[in-house]
Amino acid sequence: MGRRLGEYTKDNTKCMVPVNGVPLIDRLLGQLSRLKLDRVVIVVGYEGGKLVKHIGELYTDLNIEFVENPVYSRTNNIYSLWLAKDYLQQDDTILVESDLIFDDVLLNMLIDNPFPNLALVSKYETWMDGTMVRIDSDCNIVNFVPKDAFDYSNAGKYYKTVNIYKFSKEFSTRKYVPFLEAYTKAVGNNEYYENVLRIISFLNSSDLKALPVTNAKWYEIDDKQDLDIAEALFAEEKDIIRKYYGRFGGFWRFPKMLDFCYLVNPYFGESRIVEEMKANFGTLVLEYPSGLKVNTLLASKCWGVKEDYIVPGNGAGHRPG
């Protein structure tokens with residue numbers, strides 16, 4: 001339903017949200033149409049009729065079939081996938097969540113890889129949210145880490161699930177669907193299908209391997225901030241500069257970007273001050289900061305300048321012209 005996207009999903013399902021003028025579903029179906037697929041199965045719920053009408057006869061080469069989740073407002077993606085369980089058992093499957101935007105190469109990576117059961121993953125970065133995994137040296141997924149179990153002390157060992165998977169017919173028939181059915185009966189329908197994969201990984205970590213995406217671009221769009229970032233990441237060449245500089249002050253969300261004009265603090269980096277701030281983070285967040293007089297005294301002490309020559313500001317910055 002995409003409530004966090006506000007007015008963008010007031011009258012339309014999430015995958016109908018346009019990124020740089022192209023709805024997510026149109027981009028995805030265009031990518032799938034370049035693959036040799038027997039069919040595409042789309043689970044619809046909120047405003048599903050509008051989605052079906054929008055797709056219409058545009059992608060006849062894809063042999064699209066629809067599955068309806070009539071109780072989408074009371075269930076989660078585990079139930080939507082359960083409704084499509086018969087299709088999972090009929091053929092090898094690529095599972096893609098429709099709120100994603102990604103480079104074409106990701107699907108080719110998935111299909112061309114010889115392992116039959118794969119999850120695309122990306123090395124954890126601070127902007128990522130949701131289910132994480134830990135993998136061993138052979139890229140076996142040894143654990144799925146749900147959001148409420150995330151541990152920042154282990155962040156360097158985490159990979160984020162891109163939410164694009166490849167399952168073999170045998171894996172779905174013998175393991176995934178039986179566990180999916182058992183889990184929904186035991187726990188309920190308002191859950192995530194990754195929880196079932198987590199159980200399978202505990203039993204046999206070699207059943208599902210991770211495939212890191214390295215430098216390929218992808219983004220999951222859950223809110224307006226995500227949409228704005230995605231539009232910058234996937235902008236056409238003529239719009240890239242404008243899209244990025246429209247996000248001035250938020251460039252840290254693009255960790256691979258080299259920025260030669262952004263104002264930074266040269267005293268941070270790997271210095272001890274970062275560790276000191278971590279140790280005192282609770283105080284920094286909860287207490288009111290020092291006033292102008294105290295800041296003036298501290299600056300005078302640090303740089304050996306008389307207080308009369310120091311004029312503290314109020315944190316307003318601008319980009320040099």
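An axis here is a line fitted to the C-alpha atoms of a helix over the stretch in contact, and angles run from 0 to 180 degrees between N-to-C directions. The model on screen is a predicted one.

**Stop 1: helices H6 and H7**

Select residues 169–187, which form helix H6, and then residues 194–203, which form helix H7. Their axes come within 9 Å and cross at roughly 120°. An angle of 65 to 115 degrees would count as roughly perpendicular and one over 145 as roughly antiparallel, so H6 is oblique to H7. The crossing of these two helices is right-handed.

Next, show the side chains at the contact. On H6, pick Phe171, Lys175, Tyr176, Phe179, Leu180 and Tyr183. On H7, pick Asn195, Val196, Leu197, Ile199, Ile200 and Leu203. Sorted by class, the contact of H6 with H7 has ten nonpolar residues, one polar and one charged.

**Stop 2: the cavity**

Rolling a probe the size of a water molecule over the atoms shows where empty space is left. In this model the count is one cavity of 30 Å³ or more. The volume of the largest cavity is about 40 Å³.

Which residues line the largest cavity? Select Ile141, Phe144, Phe171, Leu197, Ile200, Ser201, Asn204, Ser205, Asp207 and Leu208. Phe171, Leu197 and Ile200 are also among the residues of the H6 and H7 contact from the previous stop.

Colour the lining by element of secondary structure. Strand S9, residues 141–145, and helix H7 each supply at least two of its residues. H7 gives the largest share, three residues. Coloured by class instead, the lining shows six nonpolar, three polar and one charged residues.

**Stop 3: helices H1 and H2**

Now go to residues 24–33, helix H1, and residues 48–55, helix H2. Two packed helices are described by the angle between their axes and the distance between the axes. For H1 and H2, the axes come within 11 Å and cross at roughly 50°. H1 and H2 are therefore oblique to each other. H1 passes H2 in a right-handed crossing.

Which residues make this contact? From H1, select Ile25, Asp26 and Leu29, and from H2, select Leu51, His54 and Ile55. Four residues of the contact of H1 with H2 are nonpolar, one is polar and one is charged.

Conventions
Residues numbered from 1 in each chain as written. Predicted model: local features only at pLDDT ≥ 70, side-chain atom pairs only at ≥ 80, totals over all residues. Heavy atoms only, no water. Helix = DSSP H or I, 4+ residues; strand = E, 2+ residues; numbered from the N terminus. Parallel < 35°, antiparallel > 145°, perpendicular 65-115°, else oblique. Left-handed = near helix turned anticlockwise from the far one by under 90°. Contact = heavy atoms within 4.5 Å. Nonpolar A, V, L, I, M, F, W, Y, C, P; charged D, E, K, R; others polar. 1 Å grid on protein atoms, 1.4 Å probe; cavity = no way out; pocket = protein on both sides within 12 Å on 5 of 7 lines; lining within 4 Å. Points joined across faces, edges and corners; volume = space filled by probe spheres on them.
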